[in-house]
Amino acid sequence: MFDLSERIFDAEFLKKLDTIVINVRMMMNTGSGGNRKSRSKGSSVEFSDFREYSLGDDFRRIDWNAYGRFDRLFVKLFMEEREAMVNIFIDSSRSMYFGEPKKSLSALKLSGTLAYLALNNLDRVCLNSLAGTLVRQSSVLSGRGMFRHCVDFLEDMQFGGITDLNSCIKKKEFKGSGVSIVFSDFFTPGGIEDAVKYLLYKKQDVILIHVLSPEELNPEIEGQIRLLDSETGEARDISVTPAMLLQYDKELNLFMNKIREFCSRMGAAYIQVSSEEPIEKIVLEEFTKAGIIGV
Amino acid sequence: MTLFSPWALWFLSFMPLVVFMYILKQKFEERQISSIYLWQQVLKDIEVNTPWQKLKKNLLLFLQLISILFLVFALSDPYLYTGGGMHSNLVIVIDNTGSMNARYENGTRLAKAKQLAEEMINRSGTKANITLLTVGRSPGVEIGKTTDKGEAISKLRDINPGNFSGNINDSVSLVRAMIKQYEGGDSYKAVFYTDSPVDTEDLNAEVVSLASELVNVSLDYISYSDENGRLTVLVRASNRSNTSLGREISLYGNDKVLDIKNVEIPAGETISVYFEEISADASYIWAELTEKDDLVEDNQVYCILDSAKPKKALLVSVGNVFIEKALSNIEGLELYKTNPDEDSYEGYDLYIFDSAGISQLPESGSVMLINPSPGNGIVEAGAELEGGIADIAAHPLTKYMEDASFAVSKFRKMEVPFWADVLITLDENAAVISGEHRGRKTAVIGFDLHDSDFALTTEYPIFMYNLAAYLVGIDLKGKTTYVCGDAIDLNPNPEAAEVVVKTPEGIGYKLELTYPMLPFDNTGQYGVYELTQRIGETEVVSSFAVNFPAETESASGKPDEVVAQEATEAGNTPGGTRLQELFLGLLLMAAAIEWVVYIRGY
């Protein structure tokens with residue numbers, strides 16, 4: 001297997017990562033003081049925002065000035081500083097162990113990177129391996145010193161079989177809000193909509209990282225080909241023509257756009273990366289562009 | 001349809017082989033991918049599960065099979081029967097007389113004939129023997145019994161228009177003779193492309209009529225009379241059309257316009273146009289129609305102006321048919337006869353005394369004595385001697401007589417005067433002499449022509465001509481007007497060392513001075529020809545005119561005179577078209593499409 005610490009966490013890269021903060025949209029409900037401003041509107045003194053009064057809200061939070069002005073009831077929201085809970089889900093199906101470079105490698109490296117950033121930010125991290133219909137999770141890790149455990153967990157991960165993302169993720173228990181990042185190629189029967197909805201229901205900031213290999217993004221095949229599915233073993237005979245490749249391209253774009261649009265509707269983030277892209281580029285450009293992290 | 005090379009069909013057996021190889025070739029390269037999830041979406045509408053369905057969709061295989069089919073058919077040399085008569089032997093006769101230069105559709109009759117003949121050749125069977133004849137002034141073989149269509153067509157295309165007068169019927173016997181050469185009684189067809197009526201007799205012949213109604217006026221004839229240096233010129237013009245036509249006739253002297261007249265000629269009529277008081281300061285005159293019509297070759301006519309008057313010769317004799325015949329045939333020499341009763345003779349250029357006594361020699365003019373009597377005043381004529389075989393002396397006047405051999409039974413012995421040359425001897429005695437006596441050219445034949453067989457030899461008329469030409473003193477003018485195709489006896493001066501004829505196109509022909517002199521027959525072009533004779537240091541130039549044979553050719557080609565005719569025998573098989581080239585073309589097209597499909601990967 002690979003050595004994460006040697007390939008990613010060189011001194012220079014770690015120095016850069018030190019200045020990156022994971023930006024999470026929702027504020028945490030509970031927690032004991034992380035290094036990051038939680039989006040969770042809590043009861044601290046720092047005023048954050050207004051929202052309309054709904055049944056069950058603490059009437060002490062009603063802003064009477066706003067009532068006097070608008071003749072409607074609004075409650076104040078306050079910023080609360082608390083640590084986030086970052087759950088990283090990695091699809092460990094057979095299809096992820098494919099590509100040149102392998103998608104699994106890319107997913108694990110990115111997971112390690114994000115885990116490091118979260119730990120460095122005094123956030124809690126939990127790594128989850130999705131295999132079959134089950135989720136195997138690590139213990140909740142906190143503090144920079146626990147990064148080694150992350151590495152061990154990631155290194156032990158095995159890729160094989162078929163993964164039903166929906167079933168796996170729905171089995172995850174959440175104690176509070178947080179950030180859920182899912183690494184997968186999303187070639188899963190049933191899609192991932194149920195999983196995303198579940199995560200959102202569990203008050204998670206959902207980030208989907210769609211990892212694809214160069215062979216999947218730009219297949220270079222021709223002639224008479226018998227395609228073998230690495231997960232199911234199913235075969236398909238095709239006669240590759242330029243027209244067919246064009247059609248594949250269309251289907252691929254359709255596939256990605258479908259997930260992208262769904263995420264956009266649900267308020268989840270979606271990033272598509274290629275396994276051949278350098279990790280630094282993905283983290284510093286793609287993740288930054290998506291607003292997952294800030295410099 | 002038939003196939004000339006049906007053995008090529010064996011190659012069709014390759015087709016199942018190609019199909020079989022294609023099926024075998026349907027090997028799929030296995031490739032493991034992460035997931036066929038996306039490919040399944042792509043393949044939703046595409047079903048390529050079984051070999052037969054794959055074949056059905058395989059455009060390349062289809063194109064290759066089509067290509068094999070085209071190739072096999074091309075190799076088998078298919079022939080599609082379209083009717084008309086395909087024969088083993090094809091004899092094509094092209095009328096190349098002057099009338100074939102007339103307008104026909106957008107070209108000429110000859111061009112149309114060549115085009116139709118070429119199509120006929122292309123339609124003929126692969127192994128057909130093709131013979132090509134043309135008829136100009138006489139029938140000629142352009143190419144005989146060839147199976148090479150390309151060569152036959154090349155010869156056909158090389159046929160140049162002619163201005164000759166000819167008769168297409170003259171070719172019928174030649175066609176018959178050519179057909180007899182073909183072996184085994186193979187079928188044949190003779191095709192005549194002409195604008196004249198043809199009697200094909202019993203030949204299996206087709207006559208393609210190229211006769212047509214023309215708008216044509218021809219200039220048929222030009223002549224003149226000289227009155228004290230002023231000419232009156234007659235030009236005869238004929239309207240060969242069905243409608244009355246107006247024309248402008250221009251008269252030229254050499255290159256200078258002398259006069260112009262406008263005339264109206266009724267349909268089918270001939271008129272005479274006179275040009276009067278014309279200055280005679282030219283070597284030839286010619287007339288031309290200004291308007292161009294359907295046959296332009298007959299729109300001009302030429303005539304040489306004779307600078308010399310004809311010479312007059314007086315034969316004083318009781319009757320000598322040998323002399324009369326020999327001299328009367330000389331152009332430019334007018335022969336008169338008289339009995340030897342006259343006391344004096346005047347007014348002639350040459351006096352011929354045949355066994356006649358001379359009371360008084362004429363004051364001027366040349367003299368020829370035949371069988372002189374004593375006291376003739378020119379030579380001393382002695383007693384009669386027994387004759388012998390004549391010896392011809394080398395002399396300009398005996399040119400072309402080297403092989404002459406004749407006998408004389410008796411002759412008069414002559415004293416050869418100092419002024420005379422001996423031309424012919426008999427037993428070393430002078431028998432014929434010539435020379436200049438007191439400024440008068442004189443010739444003496446010392447025997448009666450009836451006493452020898454000289455007049456029966458072929459050299460006799462030559463000798464008489466030479467003698468007459470010498471005695472009269474200048475070149476006797478021969479005939480000066482001919483028609484295209486005429487073989488002209490030029491009769492150059494015996495003393496000429498070189499004779500060159502220049503055509504109106506400027507081509508010079510150096511004539512071979514042989515005996516007998518071959519007629520000059522390069523008279524295909526109408527116009528004025530120049531004859532240049534180099535005699536010693538001087539050059540003597542004369543001209544003669546060659547005109548288009550309007551009398552025969554301008555009148556030819558009336559549609560109601562020519563009957564188109566189909567071949568009487570259909571032959572063994574009907575005619576048609578070779579399809580080999582078509583299939584080769586289709587094969588190339590299929591190969592091109594296959595290349596495009598392969599490159600684009602359809």
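A charge sits over a ring if NZ of Lys or CZ of Arg is within 6 Å of the ring centre and within 35 degrees of the ring normal. Lys312(B) lies over the face of Tyr348(B) in this sense, at 5.5 Å from the ring centre. The model is predicted, and the values below are computed from it.

**Charges over rings and aromatic pairs**

- In chain A, Lys102(A) is placed over the face of Tyr97(A), at 5.0 Å from the ring centre.
- Over all chains, a search of the whole structure finds 24 aromatic pairs.
- One of these pairs is formed by Phe187(A) and Phe255(A), which are stacked at 5.4 Å centre to centre with 15° between the planes.
- This pair links distant parts of the chain, 68 residues apart: Phe187(A) belongs to the loop between strand S8 (178-184) and helix H7 (193-201) of chain A, and Phe255(A) belongs to helix H9 (residues 242-266) of chain A.
- Phe187(A) and Phe255(A) are both buried.
- The ring centres of Phe406(B) and Phe447(B) are 6.4 Å apart and their planes stand at 45°, so this pair is tilted; planes under 30 degrees apart would count as stacked and over 60 as edge-to-face.
- Because Phe406(B) lies in the loop between strand S22 (381-392) and strand S23 (407-414) of chain B, and Phe447(B) in the loop between strand S26 (440-445) and helix H9 (459-472) of chain B, the pair ties together parts that are 41 residues apart in sequence.

**Hairpin in chain A**

- Strand S10 (residues 223-229) and strand S11 (residues 235-240) of chain A are paired in the antiparallel sense over six bridges.
- Within this pairing, Gly223(A) is opposite Val240(A) in S11(A).
- The hairpin of S10(A) and S11(A) has five residues between the strands, and Gly233(A) adopts a positive phi near 80° there.

**Largest nonpolar core**

- The largest nonpolar core has 40 residues, and those touching the most other members are Ile169(A), Phe186(A), Leu208(A), Leu227(A), Ile238(A), Ile259(A) and Trp39(B).
- At least two residues of this core come from each of helix H6 (165-170), H7, strand S9 (204-212), S10, S11 and H9 of chain A, and from helix H2 (37-42) of chain B.
- The most is given by H9(A), with eight residues.
- Beyond its neighbours within four places in sequence, Ile259(A) contacts Phe186(A), Ile192(A), Leu208(A), His210(A) and Tyr270(A).

**Chain B overall**

- Chain B has 11 helices and 32 strands.
- Of the 602 residues in chain B, 48% are buried.
- Among contacts in chain B with a separation of 6 or more, 67% join residues 24 or more positions apart.

- Ala496(B) is located in the loop between strand S27 (481-483) and strand S28 (498-502) of chain B.
- Its relative accessibility is 3%, so Ala496(B) counts as buried, the cut-off being under 20%.
- Ala496(B) and Arg534(B) are 38 residues apart along the chain, and their C-alpha atoms are separated by 5.4 Å.
- Not counting residues up to four places away in sequence, Ala496(B) touches Lys399(B), Leu513(B), Gln533(B), Arg534(B) and Ile535(B).

Methods. Residues numbered from 1 in each chain as written. Chains lettered and ligands numbered in written order. Predicted model: local features only at pLDDT ≥ 70, side-chain atom pairs only at ≥ 80, totals over all residues. Heavy atoms only, no water. Phe/Tyr/Trp six-rings, centres within 6.5 Å; stacked < 30°, edge-to-face > 60°. Helix = DSSP H or I, 4+ residues; strand = E, 2+ residues; numbered from the N terminus. Buried < 20%, exposed > 50% of the residue type's maximum accessible area, 1.4 Å probe, protein only. Pairing = 2+ DSSP bridges. Core = buried A, V, L, I, M, F, W, Y, C linked by side-chain atoms within 4.5 Å. Contact = heavy atoms within 4.5 Å.
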